[in-house]
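Student: I am new to this structure and would like to learn how to read it. Please show me the model, and then we can go through it feature by feature.

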Amino acid sequence: NMLDWGVLMSQNLPIDPAASIYGLVRRAKENRTLVNSMATMQMVTSEIENVMLLDGVRARVFAGFEYMSIFMPQVERYRQIAQNAECVYVFAVMDVEPPTMANVRFIPVRDNTPLTQEWFLVADSADYFTALCAEEQSAPDAAEQDRTFEGVWSFDEGIVTIIQEWLTHLVHAAPLDNLHKRRNHNKQVSLMS
């Protein structure tokens, strides 16, 4: 209902319109894997989500969906991810009203800002840490099969930690205390394979 929508929006502070996840990692190009097609982006995203869904990893998750209407077909998948997640943060322009979902915070972003041109999915936990951060390179009116992205898919603990801590600060969440001391690198390698 509209009252809940108003409460939801009042709990979230506005995101800096200059915020850019891909801009944060752009300097780490020597560690990047180029992901340049829509099909590749969807495959990588599914792989990251499946670690949480199928392997039961309890991670803090940040996902950028450009527009809430793009997120809506993924509601049930993210409802399942949120059941086991530490918390899920979904960033989007609120072009439609978001659903009510336990353990999910919707972070409104302004249209025509860097975050509306980025595709990102970050998962961080003691057992699994990864970040997919990409910037769309195609024209705004490109057909879905012609959309292209330049980005980074990283399992580098330092890069993932920097992104996760920056996003955690951006959404005013409590830090993930002593995560670096609890890292299970053997589990990470197992989940990566």
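This is a predicted model: local features need pLDDT of at least 70, side-chain atom pairs count only at pLDDT 80 or more; totals for chains, interfaces and linings use all residues.

Tutor: Residues are numbered from 1 along each chain as its sequence is written, and side-chain values use heavy atoms, with hydrogens and water left out.

Student: How many helices and strands does the protein chain have?

Tutor: Helices (H or I, at least four residues) and strands (E, at least two) are DSSP runs, numbered from the N terminus. The protein chain has 7 helices and 6 strands. Their order from the N terminus is α-α-α-β-α-α-β-β-β-β-β-α-α.

Student: What share of the residues of the protein chain counts as buried?

Tutor: Buried means under 20% relative accessible area, exposed means over 50%, and partly exposed lies in between, using a 1.4 Å probe and protein chains only. Of the 193 residues, 47% count as buried.

Student: Is Thr168 buried or exposed?

Tutor: Thr168 counts as buried because its relative accessibility is 4%. By contrast, Ser69 has 34% and so counts as partly exposed. Ser69 lies in helix α4 (residues 68–71), and Thr168 is found in helix α6.

Student: What is the length of helix α6?

Tutor: The expected span of a helix is 1.5 Å times one less than its number of residues. Helix α6 covers residues 157–170, which is 14 residues, and reaches 20 Å from its first C-alpha to its last, close to the 20 Å expected.

Student: Which side chains make a polar contact with Thr168?

Tutor: A polar contact is a pair of N or O atoms within 3.5 Å; within protein, one must be able to donate a hydrogen and the other to accept it, and residues adjacent in sequence count only if both atoms are side-chain atoms. The side chain of Thr168 has such a contact with that of Arg60 at 3.0 Å, and another with that of Gln164 at 2.7 Å. An α-helix has 3.6 residues a turn, so residues three or four places apart point the same way. Both Gln164 and Thr168 are among the buried residues of α6.

Student: Which way do the residues of β4 point?

Tutor: In a regular strand the side chains alternate between the two faces of the sheet. Here Glu118, Phe120, Val122 and Asp124 point one way from β4, Trp119, Leu121 and Ala123 point the other way, and all are buried.

Student: Which strands pair with β4?

Tutor: Two strands pair if DSSP finds at least two bridges between them. β1 and β4 are antiparallel over 5 bridges, with Leu121 in β4 as the bridge partner of Ala63. β4 also pairs with strand β5 (residues 129–136), antiparallel over 7 bridges, and a hairpin of 4 residues joins β4 to β5.

Student: Which residues lie nearest the centre of the largest pocket?

Tutor: On a 1 Å grid over the protein atoms alone, a pocket is an open set of points where a 1.4 Å probe fits, with protein on both sides within 12 Å along at least five of seven lines; lining residues have an atom within 4 Å of a point. Of the 20 lining residues, Gln42, Phe65, Ile70, Gln74 and Trp119 lie nearest the centre. The elements that give two or more residues to this lining are α3 (38–54), β1 (60–67), α5 (75–84) and β4 (118–124). α3 gives the most, with 5 residues.
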